[in-house]
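Here are my notes on the model, point by point. Have the viewer open while you read.

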Amino acid sequence: MRKPVIAGNWKMYKTLGEAVDTVLALKPLVANANHCEVVVAPVFTALKVVADRLEGSNIGVAGQNCSTEVEEGAHTGEVAAFMLRDVGARYVIVGHSERRQHYFETDTMVNKKCHAGFAADLNVILCVGESLAQRDRGVAEQVVNGQLSGGLNGLTASDLDRIIIAYEPVWAIGTGRTATPEQAQEMHAFIRRVFADRYSDQAASNLRIIYGGSVKPDNIAGLMSQTDIDGALVGGASLQAESFAKIVNYK
Ligand code: PEP
């Protein structure tokens with residue numbers, strides 16, 4: 001049985017005080033959510049305090065990004081995966097489409113970040129997804145396959161236990177335009193087949209594949225009813241404790 005993951009990506013929102021207020025409001029609202037792993041991803045500057053406030057709760061903390069570099073060193077502005085772990089993060093998001101689009105992250109960089117995350121004993125949420133133009137050209141699966149091949153290069157069997165794939169069609173992120181449950185299911189099933197071909201049937205059936213793109217309280221249940229959808233990566237609707245809690249408590 002795959003345990004669903006519902007993760008809130010706060011992007012570059014919330015001061016430290018606002019981040020703390022949000023998790024303090026969220027904690028009691030999701031305290032009985034044993035059916036899934038609940039994760040929040042605050043900005044780096046709020047990670048430590050948020051992780052401290054969540055200690056002993058059922059909410060885990062993620063970094064939104066990490067350096068391609070594994071070791072400390074002269075890399076101004078970078079934060080290493082092991083530093084995220086050091087302040088209480090247990091997950092890291094890599095390859096988010098906003099980083100690929102606006103910060104020119106390549107599959108090679110994303111792959112290094114995956115390896116850095118595993119070396120730091122973090123669960124890695126690897127984001128993949130096609131643009132609208134690519135979907136319209138009929139190359140969505142080809143694009144996702146390429147992102148998976150590039151991002152997963154050199155992964156070992158033990159890394160597979162700690163990888164979560166987030167399928168986030170770029171056209172659905174922050175646009176209010178969600179993929180239909182059937183469209184999402186189709187791509188999730190494709191991703192699972194890629195894992196079966198690349199690794200094994202067992203690895204594919206254990207893999208958690210979460211959907212991201214305008215997930216809201218009123219569409220989560222439909223998405224979660226699909227066989228291959230194992231959770232959600234939620235942007236905008238995760239910023240308010242109440243709406244994120246409704247998504248977590250979709251059952
Ligand atoms: C995201 O940032 O990963 C995301 C899916 O955002 P939104 O839910 O706002 O579309």
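1. A definition to begin with: helices (H or I, at least four residues) and strands (E, at least two) are DSSP runs, numbered from the N terminus. On that basis, lysine 48 is in helix α2 (residues 44-54). Lysine 48 comes out as partly exposed, because its relative accessible area is 43% and that class sits between buried (under 20%) and exposed (over 50%), using a 1.4 Å probe and protein chains only.

2. Before the details, the ground rules. Residues are numbered from 1 along each chain as its sequence is written, and side-chain values use heavy atoms, with hydrogens and water left out. This is a predicted model, so to speak of local features takes pLDDT of at least 70 and side-chain atom pairs count only at pLDDT 80 or more, while totals for chains, interfaces and linings use all residues.

3. Now the ligand. It is surrounded by 14 residues, the closest being Lys11, Glu168, Gly174, Ser214 and Gly235; a residue is near if one of its heavy atoms lies within 4 Å. That shell splits into 4 nonpolar, 8 polar and 2 charged residues. In this scheme Ala, Val, Leu, Ile, Met, Phe, Trp, Tyr, Cys and Pro are nonpolar, Asp, Glu, Lys and Arg are charged, and the others, Gly among them, are polar.

4. Which atoms face the ligand's oxygens? A polar side-chain atom of histidine 96 lies 2.9 Å from a ligand oxygen, and one of asparagine 9 lies 3.2 Å from a ligand oxygen. Serine 214 uses a polar backbone atom, 2.8 Å from an oxygen of the ligand. Taken alone the ligand exposes 290 Å², and the protein buries 97% of that (Shrake-Rupley areas, 1.4 Å probe).

5. Have a look at glutamate 130 too, in the loop between β5 (123-128) and α6 (132-136). Is glutamate 130 buried or exposed? It counts as buried, because its relative accessibility is 0%. Its side chain makes a polar contact of 2.7 Å with the side chain of arginine 135 and another of 3.0 Å with that of tryptophan 171. A polar contact here is a pair of N or O atoms within 3.5 Å; within protein, one must be able to donate a hydrogen and the other to accept it, and residues adjacent in sequence count only if both atoms are side-chain atoms.
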